[in-house]
Amino acid sequence: MILETERLILRPWEESDAEWLYEHAKDPRVGPIAGWPPHTSVENSKEIIKGVLSEPQTYAVVLKSLGHVVGSVGILIGDASNIKILDTEGEIGYWIGVPFWGKGLIPEAVKEIIRYAFEDLKLEKLWCVYSDGNEKSKRVQEKCGFKYHHTNKDAHWKLIDAIRTEHVNCLENTWMQV
């Protein structure tokens, strides 16, 4: 599945994206705040593409004007989620490389994922999580219409072996109520 917005193409990850993935994911300002360690090499990024980023509904965010990957967005549905949700619900996750912060690209990508999740996948509810200190992620969720649901104190983020306070936000599928 390929999704498109005004400035972005959202498409499945390819092994050939490894160099661009490494370029952005090696920066310690990107991964740890999102719950994963910085990438250590192009080969490490290639392995992550083959494993983690090859999951269904996980998309490379490609900036049309550059023609290469600048971030990632995806939906984890039901049991695949990091939080306990129903099979009719999804958790959206995202990140973008530092050079592209503050340009509205991730809200643009997330809004397209929301549209896809509700209209095409017919999900009933979407969830997003951010940890204390990740104001950029909080802001993306606000811009995309997510509303505060609850806070989990002392949540264990296993990929980076850290304890964090995480804030869980929710968005209901209002199209299904019509």
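The following legends describe close-up views of a predicted model. Local features require pLDDT of at least 70 and side-chain atom pairs count only at pLDDT 80 or more, whereas totals for chains, interfaces and linings use all residues. Residues are numbered from 1 along each chain as its sequence is written, and side-chain values use heavy atoms, with hydrogens and water left out.

**View 1. The open sheet of 8 strands.** Its order is β1-β2-β3-β4-β5-β6-β8-β7, with mixed pairing. Strands are DSSP E runs of at least two residues and helices are H or I runs of at least four, numbered from the N terminus; two strands pair if DSSP finds at least two bridges between them. The edge strands, β1 (3-4) and β7 (147-157), each pair on one side only.

View 2. β4 (residues 68-77) and β5 (residues 89-96) are antiparallel, paired over 7 bridges. G93 in β5 is the bridge partner of G74. Helix α1 (residues 18-25) lies across both strands, at about 85° to β4. Angles run from 0 to 180 degrees between N-to-C directions, with axes fitted to C-alpha atoms, for helices over the stretch in contact (heavy atoms within 4.5 Å). Helix α4 (residues 105-120) makes about 160° with the direction of β5.

**View 3. The largest nonpolar core.** Such a core comprises buried (under 20% relative accessible area, 1.4 Å probe, protein chains only) Ala, Val, Leu, Ile, Met, Phe, Trp, Tyr and Cys residues joined through side-chain atoms within 4.5 Å. Among its 29 residues, L10, V73, I92, V110, I114, L126 and F146 touch the most other members. α4 gives the most, with 9 residues.

Definitions and conventions
Buried < 20%, exposed > 50% of the residue type's maximum accessible area, 1.4 Å probe, protein only.
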